Amino acid sequence: MLLRRIALAAALAPVALLAVPSASAAPAAGLPMPPANPEGLDHLTVIISDNGRFDGSQTSTYLYCHPDGGTHPRAREACHQIDGQTTWGKDPFAPVPDGTVCTMIYGGPQRARVVGQWAGRPVRADFKRTNGCEIERWEKFSRLLGTPEKGWPGIR
């Protein structure tokens, strides 16, 4: 695993240098700049909305893995959970496939957006709790996203 990360880091180093924003670059609309993570490639920004809208009433946390850190309150647990679901050639953040038959159980208005990079691939995933399949997908990332029963990352 470590050798794969070292090889990946070496392969992506020239590309990463081109993608590094300058100090004068503005952060994404409304988001603070994340803390620096020079050693690790795996980093995610997690935005949780309790009311189902991304309208300013959400919380944002940053997760870095390998080494674990950031502002996420359960960084080690979240990194470990995602690592356990990561397999070569598959997107652990993939949405529920179209046409999937799902139970019509409503889990609440909560929504989450996860952006960043994981295992050398860009991540842009949206989560919701609108039916059984979406709730199950959310639960696969319960350490990263939190749950209504146990609280959200960044909210104590």
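In what order do the elements of the chain run from the N terminus on? They run α-β-β-β-α-β-β-α-α, and the views below take up parts of that arrangement in turn.

**View 1. Overview of the predicted chain, with its four helices and five strands.** This is a predicted model, in which local features need pLDDT of at least 70 and side-chain atom pairs count only at pLDDT 80 or more, whereas totals for chains, interfaces and linings use all residues. Residues are numbered from 1 along each chain as its sequence is written, and side-chain values use heavy atoms, with hydrogens and water left out. Helices (H or I, at least four residues) and strands (E, at least two) are DSSP runs, numbered from the N terminus. Of the 156 residues of the chain, 33% count as buried, where buried means under 20% relative accessible area, exposed means over 50%, and partly exposed lies in between (1.4 Å probe, protein chains only). The accessible surface of the chain is about 9,400 Å², with 60% of it belonging to carbon and sulfur atoms; such areas come from the Shrake-Rupley method with a 1.4 Å probe, and for residues only the protein chains shown count as cover. Among contacts (heavy atoms within 4.5 Å) between residues at least 6 apart in sequence, 61% join residues at least 24 apart.

**View 2. Helix H2 (residues 75-85) and its buried side.** Ala75, Ala78, Cys79, Gln81 and Ile82 are the buried residues named in this helix. They lie on the same side of H2, because they cover an arc of only 165 degrees around the axis, the arc being that of the directions from the helix axis to the C-beta atoms. The buried residues of H2 pack against strands E1 (42-49), E2 (58-65), E3 (69-70) and E4 (108-118), and also against helices H3 (132-140) and H4 (142-145). On the face of H2 turned away from the buried side are the exposed residues Arg76, His80 and Gly84.

**View 3. The disulfide between cysteine 65 and cysteine 79.** The structure holds two disulfides, a disulfide being a pair of cysteine sulfur atoms within 2.5 Å. In the one shown here, the S to S distance is 1.8 Å, and the link is left-handed, with -85 degrees about the S-S bond. The pair links distant parts of the chain, since cysteine 65 lies in strand E2 and cysteine 79 in helix H2, 14 residues apart. Cysteine 65 is buried, with a relative accessible area of 1%, and cysteine 79 is buried with a relative accessible area of 1%.

**View 4. The disulfide between cysteine 102 and cysteine 133.** Here the S to S distance is 2.0 Å, and the torsion about the S-S bond is about -105 degrees, so the disulfide is left-handed. Cysteine 102 lies in the loop between H2 and E4 and cysteine 133 in helix H3, so the pair ties together parts that are 31 residues apart in sequence. Both cysteine 102 and cysteine 133 are buried. With the bonded cysteines of the chain numbered in sequence order, the pairing reads 1-2, 3-4.

**View 5. The aromatic cluster of Phe93, Phe127 and Phe141.** A search of the whole structure finds two aromatic pairs; rings of Phe, Tyr and Trp (its six-membered ring) pair if their centres lie within 6.5 Å, and planes under 30 degrees apart count as stacked, over 60 as edge-to-face and the rest as tilted. The rings of phenylalanine 93 and phenylalanine 141 are stacked, because their centres are 5.0 Å apart and their planes at 15 degrees. This pair links distant parts of the chain, with phenylalanine 93 in the loop between H2 and E4 and phenylalanine 141 in the loop between H3 and H4, 48 residues apart. Phenylalanine 93 is buried at a relative accessible area of 3%, and phenylalanine 141 is buried at 0%. Phenylalanine 127 and phenylalanine 141 form an edge-to-face pair, 5.3 Å centre to centre with 65 degrees between the planes. Phenylalanine 127 lies in strand E5 (residues 121-129) and phenylalanine 141 in the loop between H3 and H4, so this pair ties together parts that are 14 residues apart in sequence.

**View 6. Arginine side chains over aromatic rings.** A charge sits over a ring if NZ of Lys or CZ of Arg is within 6 Å of the ring centre and within 35 degrees of the ring normal. The charged end of arginine 137 sits over the ring of phenylalanine 127, 3.9 Å from its centre, while arginine 129 lies over the face of tryptophan 138, at 5.4 Å from the ring centre.
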